[in-house]
Amino acid sequence: MAQVYFLCRAVRTVGLVLVYYVFSIGITFYNKWLMKGFHYPLFMTLLHLTIIFCLSTLTRSAMQCWTGKPRVMLNWTDYLTKVAPVAIATALDIGLSNWSFLFITISLYTMTKSSAVLFILFFSLVFKLEHPNPYLIVVVLLIASGLFMFTFKSTQFNLKGFIMVLLASFIGGIRWTLTQVLMQKAELGLQNPIDTMYHLQPLMFMGLFPLFLFNEGLSLSTSEKLFRVNELSPLLYTLVMLSIGGSLAFGLGFSEFLLVSKTSSLTLSIAGIFKEACTLLLAAGLMGDRMSGLNLMGFAVCVSGISLHVGLKTYYSKSKIHSLRQLPVKNSQDLEVPLLCHKEDEGEETAADDDDDDDDKEQEILL
């Protein structure tokens, strides 16, 4: 019986990881392809946020009808003081990442974006979510040196795009650190991914809108892609293409939350390492990205640093007796679980859960 349970659990985990891969890799290549003919990444991001908000609203309504329970609604004080910083950081992270596709290859984007681990570590130490230890120095050196080797004398290097992604990674460190703080505040009731996405999108939209007006407002208003279109069919085609990207963005956000809630943030971290390798291989095969032997060695060094960090977090999390426990989720229709921690259900008495209990008593920062 225990073997059947572990097999089902393994199949479920593999399935969730594959769904995450489809949306994550899919939206990366889709946005890069779309940016070749549609040079308005900030407008595209704003439209994506609108679509995510609409889909989140519909999903919340369906969940409320199904369960008969009212969904959480924050007051204005909590919304503006606790959710707004996360929303603005997330909007800038996503907006700059999409903007960089106008200038750099998918390979350089993927490699540079992996440096977000460094900034997550830095802000985790600032907010005292992470305890300093000497091994972190090794992790930082490996990732930083790997990034340097990957970009050194790269034939497809673009400084402007590189700075954009690096800035996005820096803001991403703030984003995920603040997200952990937000999701661990049980009194806010934002443990459900749909509720979190619903509350974040309006503030993300307002945070990114001024940057859009400054950089793209005038050119977009005079562009034949949208406002000065002569025929209806090109306009509909553009809107459909942008809507597909918005649907992928919604699927990516939900699949990340679902993977963490049903497994752990460690699983997402490990899956992210292999996802980056798959992205680089696909970029070389499909997009013609060129990488030298030094670039590949740099990627290997960077992956080693990320893997070391994941391994260290696993070791230290298991050594903490006071690890926080997560609410039961096996039979919950609302996925009432913290974003950045995973523990086994308190009341389960199956032999399989007893054997695997030590592996699930962990609390980690999402990478």
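This is a predicted model: local features need pLDDT of at least 70, side-chain atom pairs count only at pLDDT 80 or more; totals for chains, interfaces and linings use all residues.
Which residues does Thr279 touch, not counting residues up to four places away in sequence? The contacts are Ile25, Phe29, Ile106 and Thr110. Thr279 itself lies in helix H10, residues 265-286. Its relative accessible area is 3%, so Thr279 counts as buried, the cut-off being under 20%.

Next, the core. Select Leu34, Phe38, Phe43, Val83 and Ile143. These residues have the most contacts inside the largest nonpolar core, a set of 78 residues. Now colour helix H1, residues 2-35: the largest share of this core, 10 residues, comes from there.

Stay with Phe43. Leaving out residues up to four places away in sequence, show its neighbours: Phe38, Phe212, Glu216, Leu220, Leu226 and Leu242.

Move to the surface. Select Phe205, Met206, Phe209 and Leu213. Together they make a nonpolar patch of about 360 Å². Pick out Met206, which sits in helix H8, residues 193-221. Is Met206 buried or exposed? Its relative accessible area is 53%, so Met206 is exposed; the cut-off is over 50%.

Last stop: Lys113, in helix H4, residues 106-113. Show side chains here. A polar contact of 2.8 Å joins Lys113 to Asp93. Beyond four places away in sequence, Lys113 touches Asp93, Ser97, Val165, Ala168 and Ser169.

How values were computed:
Residues are numbered from 1 along each chain as its sequence is written. Side-chain values use heavy atoms; hydrogens and water are left out. Helices (H or I, at least four residues) and strands (E, at least two) are DSSP runs, numbered from the N terminus. Buried means under 20% relative accessible area, exposed over 50%, partly exposed in between (1.4 Å probe, protein chains only). Contact means heavy atoms within 4.5 Å. Patches are made of residues with over 30% relative accessible area and no salt bridge: like charges are joined within 9 Å, nonpolar side chains (Val, Leu, Ile, Met, Phe, Trp, Tyr) within 5 Å. Accessible areas come from the Shrake-Rupley method with a 1.4 Å probe; for residues, only the protein chains shown count as cover. A salt bridge is a side-chain nitrogen of Lys or Arg within 4 Å of a carboxyl oxygen of Asp or Glu. A polar contact is a pair of N or O atoms within 3.5 Å; within protein, one must be able to donate a hydrogen and the other to accept it, and residues adjacent in sequence count only if both atoms are side-chain atoms. A nonpolar core is a set of buried Ala, Val, Leu, Ile, Met, Phe, Trp, Tyr and Cys residues joined through side-chain atoms within 4.5 Å.
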